[in-house]
Amino acid sequence: MIETAIQKGSYVYVYGQGNRTLFSCPGELHGFTSATVSVRRGSYVYTYDARGHVISSHYAK
């Protein structure tokens, strides 16, 4: 379960319960829920699950 996602420089850091780091990835934080994080890289937005796996991507101008 995702507790928070924070932009630090050019990376997004995703945290779970107890402030435990779940994963980090390059890009711009687009938004998050308790189950997913959306990160923009270039012209695409990637949606990750709580384990850091890409579950979808789409083109965004």
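Me: How do β1 and β2 pair, parallel or antiparallel?
Reply: Antiparallel, over five bridges. Strand β1 covers residues 4-8. Keep in mind that this is a predicted model.

Me: Which residue in β2 is the bridge partner of Lys8?
Reply: Tyr11 in β2.

Me: And how many residues sit between the strands in that hairpin?
Reply: Two residues separate β1 from β2 there. Gly9 of that hairpin has a positive phi near 65 degrees.

Me: Next pair. In which sense do β2 and β3 pair, and over how many bridges?
Reply: The pairing of β2 with β3 is antiparallel and has five bridges. The two strands form a hairpin, with five residues between them. In that turn, Gly18 has a positive phi of about 70 degrees.

Me: Is Asn19 buried or exposed?
Reply: Exposed. Asn19 has 59% relative accessibility, and the cut-off for exposed is over 50%.

Me: Switching to the inside. Which residues make up the largest nonpolar core?
Reply: Nine residues: Ile2, Ala5, Val12, Val14, Phe23, Cys25, Val37, Val39 and Tyr48. In soluble globular proteins, nonpolar side chains tend to be buried together.

Me: Which elements give two or more residues to this core?
Reply: Three strands do: β2 (11-15), β3 (21-26) and β5 (36-41).

Me: Take Val12 from that list. What is Val12 in contact with, beyond its neighbours within four places in sequence?
Reply: Quite a list. Ala5, Ile6 and Gln7 are among the contacts of Val12.

Me: How accessible is Ser24, and what does Ser24 count as?
Reply: Ser24 has 38% relative accessibility and counts as partly exposed.

Me: Now Leu22. What is Leu22 in contact with, leaving aside neighbours within four places in sequence?
Reply: Leu22 is in strand β3. Its contacts are Met1, Ile2, Val14, Tyr15, Gly16 and Ala50.

Me: Where does Ser10 sit relative to Leu22?
Reply: Leu22 and Ser10 are 12 residues apart along the chain. Their C-alpha atoms are separated by 17 Å.

Me: Other sheet now. What is the strand order in the open sheet of four strands?
Reply: β4-β5-β6-β7, with antiparallel pairing. β4 (28-32) and β7 (54-59) are at the edges, and each has a single partner strand, so one side of each has no neighbour in the sheet. On average, neighbouring strands of this sheet are turned by 20 degrees against each other, direction ignored.

Me: How many bridges join β6 and β7?
Reply: Five, in the antiparallel sense. Strand β6 spans residues 44-49. Thr47 has Ser56 in β7 as its bridge partner.

Me: Zoom out. How many helices and strands in the whole chain?
Reply: Zero helices and seven strands. The radius of gyration is 11 Å, close to the 10 Å from the globule rule for 61 residues, so the chain is as compact as a globular protein of that length.

Me: What box do the C-alpha atoms fill?
Reply: Roughly 35 × 25 × 15 Å, along the principal axes.

Me: What share of the residues is buried?
Reply: 28% of the 61 residues.

How values were computed: Residues are numbered from 1 along each chain as its sequence is written. This is a predicted model: local features need pLDDT of at least 70, side-chain atom pairs count only at pLDDT 80 or more; totals for chains, interfaces and linings use all residues. Side-chain values use heavy atoms; hydrogens and water are left out. Two strands pair if DSSP finds at least two bridges between them. Axes are lines fitted to C-alpha atoms, for helices over the stretch in contact, and angles run from 0 to 180 degrees between N-to-C directions. The radius of gyration is taken over C-alpha atoms; the globule rule is 2.2 Å times the number of residues to the power 0.38. Buried means under 20% relative accessible area, exposed over 50%, partly exposed in between (1.4 Å probe, protein chains only). A nonpolar core is a set of buried Ala, Val, Leu, Ile, Met, Phe, Trp, Tyr and Cys residues joined through side-chain atoms within 4.5 Å. Contact means heavy atoms within 4.5 Å.
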